Structures are given as C-alpha cells and as structure tokens.
Amino acid sequence: MSSLDSVNRRNGLLFCLPWLIGLAIFLIYPLIAALYYSLCDYSVLLPPVFIGLDNYADLISDPLFWKSLYNTAYYAAGSVVLGTVVSLTLALLLNSKVKGLGIYRTLFFLPSLMPIVAGSILWLWMYNGQSGIINTGLRHLGITGPAWLADPSWAKSAIVLMAVWGAGNAMVVYLAGLQDVPTSLYEAAIIDGAGFFQRLFNVTIPMISPVIYFNVVLSIIAGFQAFTQAFIMTGSTGAPERSTLFYVLNLYNVGFQDLRMGYASAMAWVLFIVILVLTFAATKLSKRWVTYDR
Amino acid sequence: MNGRQTRGRRPPAGAVARVTATLSLAVLVGCSGAENKQAPRHITYWEKWTGFEGEAMDAVIDDFNAGEVARAKADSSYAPIEVEKVTISNVEQKLLIAIAGGNPPDLAGNYSFYVAAYADGGALMDLGPMLAKAGFDRSAYIEHYLKLGEYRNKTWAVPIVPASIALLTNKRLFREAGLDPEHPPTTIEELDAFAAKLTKWEVTLPNGEKSIQVGYLPGVPDQKKRLIQAGFLPGEPGWWSYGWGYFFGGNLVDGPDKITAADPANVAAFDWVASFSKNLGIGVTKRFRSGFGNFASPQNAFLSGKVAMVLQGVWMHNFIEKYAPGLEWGAAPFPYPAAHPELALTTSADADVLIIPKDSPHPEEAFAFIEYVLQPKVLEKLCLGQQKFTPLKTVSEEFWRVHPNPYIRLFRELGMSKNAFSIPQTGIWNEYNRELGNAVDLIQNLTQPPAVVLKEVQTKMQAALDRNRRILARRDAK
C-alpha cells in the first residue's frame, strides 16, 4: 500500500468516525443492552438480575401484549394501504400538466411538514364529537357523526385515517419515480391503443414498482412504531377500551411507568423481530412484482 | 389521563420574583462573607408545582435560606445550607431516571401515591432514623396523611401539603331547578334525584319547534334531543374514578397481598356509575362531554355551568376565582348511600410529600430542610400559600381567619375523617390504575356489566401483584 493510500484510508476513517461513534453509542450498544436486559428483571433503579427467558414466557400469556400487537397490526395494515393509495393517487394527479402545478404540489406536501404532536392536536379538534369540523360537515349532510375518539368502534379507524395527513412525503417520492418513467413507453402504449388504466397498470405501476416497494417497507416500519398519535389523542391507557393501545404505547407504560424495563426490553425485541420478518417477507414478495429496468 | 398531572398544569412561575429573591440572597450572603469563611452547603430541591403553589414554596425556601445566612453570621464556624429550587415537570418520572442514572437531586417533592412504587424500586432513603433522631412527634400530625409516607414498615416520605375532595355545587343552577341551594344532597339517593332535576335538554318537537325539557327523557330518541346541562356526570372530571367503590364502602386492596376490585361494594358503586350512562345515553354523554373545554379554563364543565355538581378538590376554589369569579358555589361532603350512614364524610385524601432520593449527595442537609418545613408555623405558611389545609392536628386561629377558601374547614374535616381513603399503597398501582381506567371505560360504555369487568380486573391484578411479590422476594433473596 502506498503512503497516499494509507493517508486516504486514515482520512476516510476519520471522516466516518463521528458517524461510527454515533452508531455504536446510540444504536448498537442500546440494541445489545436491551437484548441482555430482556433476559433480566430490571427496574432501572436496581442492578439487573438474570432470569433467563421468563420475560418472553410471560409475554405469551399477557393479554395486553396480544391486544396491543393486534391494534398495531390493524393500524399498520390500514395506514400502509390507505397511505399508499392516497399518496400514489395524489402523485399521479400531480404528475399531469395543469396550471399552477407547483402550488398544488406544495399544498399537498405541506401537512407532512407539520410536527406529529401539532398534527395530533389538530386532529383531536377535528374529531371532536360535538364541535369538530368533521362532524359539523357531516351534520350539514344530515349525518350524525360518531364521537370518533371516544367511541371504541371508531377510535382506531380514526387514527388510521390520520395517516393520509402524512401522505405528502411518500407522494414526493412517487412523483420523482413517475417522472423517471420514459415517455417513449407511454407513446408506444398509446400507439398500441392502451387506455388510461391499461397504461397505469402495464406501464406506470411496473415502472415505479421499486419506489412502491421502498415506500411500503418504510410505511410498515413506521406503522409498527405508531405511538405519538395515540399518546397525544387518547392517552397512555389507549382509551377508549384500549382500542388505541398500540404496541409501543404498551411498551412505554411497562417500561417507564411500571419500571419493568426487562419486560419492556423483551417487548422491544419481539417488535424488532416482527418488523424484521415483515420486511424480509416484503422483500421476498417483491421479487415477484418489482421490476428493475436495469 | 392522570388527573393530577392535569391539575399540575399551571401558568409559569413568577420568574422575576425568583431572580429578585436569589439576588437579594446573594447580597445577604455577600455581606456576611467578611466574617464567615465557610462555603455554603448548596442543595438542590426538585419541585413539581409552578404558579401560586410554586411561589408558596419559594417563600418557604427564602425564609430557610435567610435563616441559615443569619445563623452563619452569628456563628463563624457554621456553614449555611443553601436550598435551590428547580421546577421539574412530570417530576415522578424524571426523578426516577435521575436516581437510576446516579445523579439525583438532594431532595424532592412528590405525590404520596408514588411512595410505594418508589420504595419497591429502592429509590428512596428511609427517613425513619433521621426523624427519630430529630425527635419527630407523630401525634402532632393527622394520622391518615402520615401513613401515606409509610410503606413496608418504613417511613419513606413526610406529608407537607394534604388535600381532600368534596361535592361542589352550582347554587344558581340549584335555584333555577327549584332546589334549595343551601341544601346540597347528603345521600346518593338524594344526589340522583337532584341530578335528574338539574338535567336539561333541548328537544326538537314533531312540529320542528325546540323546547327545553328537564329530567331524563328515555322516551325521546337521541336524534331529537340535545343535552345542554347535566346534573352530575361520574366521568367529570373522572380523576377519582378508580375510587367510586370507597364511597359505597368498598376497597381496592385488602392488605399488601390481596386485590379486592370485585368487592360487592365496588360492584354496587360501578352499577351506580353505569346508571348515568343508561339514563343519559352513551352517545349523548360523549358528544356533550366533547364540548367541554380544558380543565383550567372558563370552559371547564363546572365553571361554565354545564354540569351542576362535581366531585372536586380543595384547590378548585383557586380555579373558580381565576376563571369564573362570579360563580355561586358551595361545597359539601360527597353523599353516602342512605342505607350506610356510617360512610358519611368519605373523601380521597392524598398529599404532597417530601422525599430524599437514594444516593442523595447531601442527605443531612436535605433533612435539615425537611425538619424546618415540618414546623407548624412553616407548614401553615406553605399550606396557606397553596390554599390547602395543613397535615397538623392543631391549626392556629390566624390560619382559618386569613384562608381565602370559604370551605377550608370542611375540606380539613374531610381529611381527618375515618372514611378518608387514599390510593392503595402497592408497587403495581400504575398498572392497577390503568386497568381500572379501562374498566371504567367498559362500564360507562355499558359494554359489560360492572360485576364481570371488576372480576376480570381482580384476576388480572392479583396475578400482577403476585408477580410483583415474586420479583421483590427474588430481589430480597439476592
């Protein structure tokens, strides 16, 4: 190795160092520590006591674990489907050539810039059963709206509906993908007599399938980590009737309110594995429908 | 949501006053510096209150610090203690993190209902030996409040500012309903009858006209009626929903090892709670409640006259002064079931406490401050400033004379009652409280009958308590 190489290598490592240190301290260490604590009785205040797989065994018989896992899966499924459909539709609409396109794009992107806490408080008011904008609108249509967040049969769906609020981020990514689709393909399809939907399903979607795959995987991960909306809007108990008790909310209660950090660590690891398996499954499935043109 | 946290949300403390006080103290210390070469012993105190409650504590700390400076001036070998107050939101959580991280404050204020969980976690210093050494006289304090700081045969905390709750009534609405405003309900049956008379609806008649009607209207469909005033709602504000059973003679625990959520008296209490959902309608109540503003605002359900009677605490006086100064209100002991006159004067009685965290850097100095605060004169000053009563058995005439709350004697009488109850001292209270919160949801939504819900709570929480006991036993064995 020449001296220039070794200098470059040293400089390269030095430039990477801040990131490596950050990764080690804030990601790798907590990950491994959590794995160890998940095998312990750990109250944070006292030194951890090793108890083997007891925490994991307790999880299986914990109804709240299953309830919160179900709620989260429901939310993730709902928000992934709804978020993808809405953001893809918006991107398709905004990919057309109409006047003032820049303004529309900005308007649809704006809500996703709002911090999630502020957004949650805003939705809290919109969902107000008596004077919320949604129920006021419904009243004008002659419909008595539900008490959204106070009604166990509506609360979870109400939080899923909020996912459209953050569709702007995915929309921008889809837009970029759409603009990458070669016009020659559309021209060829038109010459072959393809209509709008044929072009959509046979040209557009296959061409942006890698982008869809990317967004879906990110949404699954984000969906399983849902916390803030429920914490702000329905409180840490996941009211009403625990219909909004999401997995991470339950984990927070167990870890930070009950000080059962070992149990909470076990929950965190289970969630990690669930997300890992789902991402892996999505990747496996993607081989069937994702097309890379290179 | 935990009601006490809501209650704690107050406007920011008078920062200017603090700075001025600190500066004047610095000047005082500076003046005495010439004779006394001892460096002051600085201790940090974590406080949970802002607003007028925080200012009342500031005044006590300033007095203490000034006294220490004076003492150091007189005795050149004495190093004065200097207490610095730091206001911390959600102190009960941040304190734990600080203790776990090995960097706790010297001293902290907390709520009595966290004592057991903190003690189980080994987060607190046992104050017993220091109190004994200081010749602490238990008999001077109201027994109930002292016990809040005791758990597993040790004294982990001392009560400084107690509280109790009562039935608050809106006298104007009583008059409008043809009730005697000076005669609040004394029994649950009377409360039910009054509540019906105080319930008002706007009803859409078949001809499209609107009319105001009073009472429960089971015959009118939900779409044709709009609730405009409720006599009483068990869920407003719902801060003591876990405790309805106590008003009917129930209890949530029996000793440290037994959960008694499904006690027949608890079931009776929650049957009563459910009766309001049945009388008013679930959807109707929810829509009505969602129109209420924040607790600390003029749109508060009681302050704005939307609910005529509420279960509320001694502090409500301050909120009335601030947000509804013209409100004609009264306070009375919460009613008891007519068949159980022995349950008169039932109240929830919890307290603000002082604790010394485990590994406090200056426990002796921290205790010196506790000892100072526990003096009757100082306690009176603090409790008067916070507009509550004191945990002492004897109170000076002056205290009663200057106290702004017209019902302060009633609240104290309630606090001293043999029927005063508190959040059970169990290390699993957070978990139990969440489970009960969910139970109240199920009961008020009429999803399941109270007997079924409470039975399930009992089974689950007994298992949780047994688990907790096993963990503690394992820790003790180590």
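In which sense do strand E7 and strand E12 of chain B pair, and over how many bridges? In this predicted model, strand E7 (residues 165–170) of chain B pairs with E12(B) in the antiparallel sense, over four bridges. Within this pairing, Thr169(B) has Gly330(B) of E12(B) as its bridge partner. In general, strands of a sheet pair through backbone hydrogen bonds, either parallel or antiparallel.

Both strands belong to an open sheet of six strands in chain B, with the order E9-E8-E10-E11-E7-E12 and mixed pairing. Strand E9 (210–214) and strand E12 (329–332) of chain B are its edge strands, each of which pairs on one side only. On average, neighbouring strands of this sheet are turned by 30° against each other, direction ignored. Helix H9 (residues 188–197) of chain B lies across E9, strand E10 (225–232) and strand E11 (307–313) of chain B, and runs at about 145° to E10(B).

Chain B as a whole contains 19 helices and 15 strands, and 47% of its 478 residues count as buried. Because a compact globule of 478 residues would have a radius of gyration near 23 Å, the 24 Å of chain B agrees with that expectation.

Turning to the partner chain, 27 residues of chain B are in contact with 26 residues of chain A. Helix H18 (429–444) of chain B is among the helices that each supply at least two residues of this side, and H18(B) gives the largest share, seven residues. The table divides the residues of chain B on this side by kind.

| Kind of residue, chain B | Number |
|---|---|
| Nonpolar | seven residues |
| Polar | 12 residues |

Note on methods. Residues numbered from 1 in each chain as written. Chains lettered and ligands numbered in written order. Predicted model: local features only at pLDDT ≥ 70, side-chain atom pairs only at ≥ 80, totals over all residues. Contact = placed C-beta atoms within 7 Å. Nonpolar A, V, L, I, M, F, W, Y, C, P; charged D, E, K, R; others polar. Rg over C-alpha atoms; globule rule 2.2 N^0.38 Å. Buried ≥ 20, exposed ≤ 12 C-beta atoms within 10 Å, placed from the backbone. Pairing = 2+ DSSP bridges. Axes fitted to C-alpha atoms, helices over the stretch in contact; angles between N-to-C directions.
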